[in-house]
Amino acid sequence: MTSKEKKTGQSAESTDIQIDRLAYLGTVITVLGYALSAIAEGLELKALEQQKEENFSSTEMTKLHEQMEELTKEVRQLRRMLR
């Protein structure tokens, strides 16, 4: 094998290694992208769950307030009847 053939062979190997490194880096970046996407989805899900709980609590509070108003009216009516 001549010196020129050795250099060409080494150059091809070096190019192959660089290509493999770039492919590896691309894979790492892709995996990090998927991980960030999964984290974002988890945070969005958590926010939606909290919003649902807050809406539920608000609805429950409104119902309780209405029930208290009805009971207050009934107590007033009973007082009037007892007088």
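For patches I took residues with over 30% relative accessible area and no salt bridge, joining nonpolar side chains (Val, Leu, Ile, Met, Phe, Trp, Tyr) within 5 Å and like charges within 9 Å. A salt bridge is a side-chain nitrogen of Lys or Arg within 4 Å of a carboxyl oxygen of Asp or Glu. Areas are Shrake-Rupley values with a 1.4 Å probe, and for residues only the protein chains shown count as cover.

The model is predicted: local features need pLDDT of at least 70, side-chain atom pairs count only at pLDDT 80 or more, and totals for chains, interfaces and linings use all residues. Residues are numbered from 1 along each chain as its sequence is written, and side-chain values use heavy atoms, without hydrogens and water.

I placed Leu25 in helix H1, residues 3–82. Helices are DSSP runs (H or I, at least four residues), as are strands (E, at least two), numbered from the N terminus. The protein chain has one helix and zero strands.

I then checked burial (buried under 20% relative accessible area, exposed over 50%, partly exposed in between). Leu25 is partly exposed at 46%. Buried residues make up 0% of the 83 residues in the protein chain.

Next I looked up charge. Glu66, Glu69, Glu70 and Glu74 form a negative surface patch. Glu70 lies in helix H1 and is partly exposed at 49%.

How values were computed:
Buried < 20%, exposed > 50% of the residue type's maximum accessible area, 1.4 Å probe, protein only. Lys, Arg positive; Asp, Glu negative; His and termini not counted. Charge placed at Lys NZ, Arg CZ, Asp CG, Glu CD.
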